[in-house]
Amino acid sequence: MSRGVFSAIGIAAALSISLTSCSSSSGPATTTGAAGTTGGNLVVGVTSDPDTLFPWKATQFQAVNVLQNIYGTLTEFDKDLNVVPGLAESWKTSKDGRTLTFVLRQGVTYGDGSAFDSKDVKSSLDAIMDESTAAVAATSLASVKSVDAPDEHTVVLKLSGPDAALPANLATINMAMLSSDDTEEKLNTTPNGTGPFTMKKRVASQSITLARNDKYWGAEKPKLDGVEFRVIPDESSIVSAMQSGNVQLAIFNDPLVAQTAQGGSITIAKTPQLNYHALQLNTRRGGLDDVNVRLAIQCAIDRKQVLDTAALSEGEVTGPITSPAFKSDPQQRPCPTRDLAKAAEYLGKAGKPNGLTVKAIVSQGEYATSVNEGQNLKAQLAEAKITLDLEVLESGAFVDRWVAGDFDAAVALNGGRPDPDGMYGRYFTSKGNLNKVAGYSSPELDKLFAEGKATTDPAARKEIYGKVSAELENNAAWIWLFTGYTYTGTTSQVKGFIPMASGSLQYLRTTTLN
């Protein structure tokens with residue numbers, strides 16, 4: 001693929017998701033490896049230990065990547081990010097769009113051997129919607145008024161109105177279907193899902209080992225005996241471990257590491273991502289409640305310089321929405337290019353002509369370019385009399401502060417989604433369950449997100465989310481920087497793994513090891 005561009009023309013159409021019926025009798029898409037290659041234990045190098053094993057609260061990339069292989073969801077994304085059947089083999093929407101009926105797969109079991117049925121779906125969805133659960137994707141179910149289970153294999157969702165985003169939103173691991181008999185306390189130590197692998201062993205801060213689930217419902221069973229996620233804090237050290245044969249697969253964020261790793265027994269696959277790098281601003285703290293201060297920050301930053309410095313130009317400058325079917329134009333913002341004179345003008349309007357200090361948290365360990373991004377932003381903002389006071393935190397501590405909204409600003413890498421509602425509805429609506437993280441909402445955004453859910457026509461939805469993007473940029477809710485790539489490193493032993501634009505490792509279930 002050319003630098004920073006999704007070259008597959010069909011992906012834009014694939015990501016235009018409407019609320020329509022869908023059915024299939026087969027399992028998820030699979031890719032067969034070389035003939036006769038079955039078994040073996042794959043070691044995946046990761047830079048940090050998952051901060052949680054409870055899927056409804058997982059936001060850290062490493063946690064999500066592990067849990068995607070243990071748990072199942074009603075719908076799934078295929079390799080092209082189409083919404084396809086998961087634990088629900090089909091679904092149908094009523095003519096008025098207010099009822100969504102799922103037919104569940106039969107014969108599906110959890111890792112502990114218990115049967116999956118409609119009781120589990122109802123208890124899961126009800127719990128996710130319960131405010132006391134503090135599920136990070138609760139807002140994605142805002143349109144759901146009730147969940148009924150008329151029989152073991154049928155679930156009926158009554159909606160307040162049409163919700164075009166719901167099938168896609170149900171495909172994320174934050175919507176995992178849990179056994180109605182399990183509790184958060186239990187699952188944080190002993191995960192129990194319907195996915196292709198089961199939890200085998202965890203050594204804190206060292207490794208998590210999964211075993212093949214021989215009772216997995218998919219049409220093709222996983223071929224690996226097991227997968228070990230081995231914690232190696234530095235990406236360069238992971239490369240060394242791959243060269244010595246101790247690790248067979250890793251996802252790199254640092255383009256320089258990826259470049260040096262390529263060759264010999266290691267192959268690097270470069271995949272453009274929906275995730276985005278941003279300087280997140282909390283408008284409720286640190287003087288950032290003044291839109292002129294936020295606009296000053298926006299105008300003082302050359303996003304291309306951040307990309308060039310931190311990621312070796314590997315990516316492209318982005319606006320808020322990265323999904324190809326709804327993509328924002330980064331030129332449509334108050335300061336599309338760096339303008340220090342304009343930044344000074346905004347600071348004057350804010351009554352801060354001599355500048356100000358903004359405290360920012362940065363994660364070290366979750367992704368490789370974070371500290372370099374923070375340092376470049378600090379240097380650029382200093383030229384506009386804005387001091388960015390960086391606090392570098394270990395990955396788990398960063399996530400704790402981030403989820404609590406306990407920051408003035410945050411240098412962050414956020415996961416993107418195929419549908420803009422799932423991407424931002426939980427952040428930038430006044431009742432969004434992650435609104436304290438976003439630090440910004442408005443009546444206009446509430447109205448636009450509601451319209452986006454209720455509209456099924458792709459062209460009309462694109463127009464609506466264009467207005468969402470403009471509202472976010474014109475108010476400098478956050479400072480969107482760039483989208484980049486992931487670099488999947490595999491040794492010559494590994495076959496059948498499919499990297500995804502979402503960053504998902506779900507295709508470990510199709511992977512073989514010679």
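I count as a disulfide a pair of cysteine sulfur atoms within 2.5 Å. The model is predicted, so I took local features only at pLDDT of at least 70 and side-chain atom pairs only at pLDDT 80 or more, while totals for chains, interfaces and linings use all residues. Residues are numbered from 1 along each chain as its sequence is written, and side-chain values use heavy atoms, with hydrogens and water left out.

**Entry: disulfide**

I searched the whole structure and found 1 disulfide. Cys-299 and Cys-335 form it, with their sulfur atoms 1.8 Å apart. The torsion about their S-S bond is about 75 degrees, so the disulfide is right-handed. I then looked up where the two cysteines sit: Cys-299 is in helix H8 (residues 291–299), and Cys-335 is in the loop between strand S15 (316–317) and helix H10 (340–349). The pair is 36 residues apart and links distant parts of the chain. Helices (H or I, at least four residues) and strands (E, at least two) are DSSP runs, numbered from the N terminus. Both Cys-299 and Cys-335 are buried; buried means under 20% relative accessible area, exposed over 50%, and partly exposed in between (1.4 Å probe, protein chains only).

**Entry: H15 and H16**

I looked up the packing of helix H15 (residues 443–454) on helix H16 (residues 458–474): the angle is about 160 degrees and the axes are 9 Å apart. Axes are lines fitted to C-alpha atoms, for helices over the stretch in contact, and angles run from 0 to 180 degrees between N-to-C directions. H15 is thus roughly antiparallel to H16; angles under 35 degrees count as roughly parallel, over 145 as roughly antiparallel, 65 to 115 as roughly perpendicular and the rest as oblique. The contact (heavy atoms within 4.5 Å) includes Leu-445, Leu-448 and Phe-449 of H15 and Ile-464, Tyr-465 and Val-468 of H16. By class I have 7 nonpolar, 1 polar and 6 charged residues. Ala, Val, Leu, Ile, Met, Phe, Trp, Tyr, Cys and Pro count as nonpolar, Asp, Glu, Lys and Arg as charged, and the others, Gly among them, as polar.

**Entry: H9 and H11**

The axes of helix H9 (residues 303–311) and helix H11 (residues 370–382) come within 9 Å and cross at roughly 140 degrees. H9 and H11 are therefore oblique to each other. In H9, I listed Gln-305, Val-306, Thr-309 and Ala-310, which meet Asn-372, Glu-373, Asn-376, Leu-377 and Gln-380 in H11. These residues divide into 3 nonpolar, 5 polar and 1 charged.
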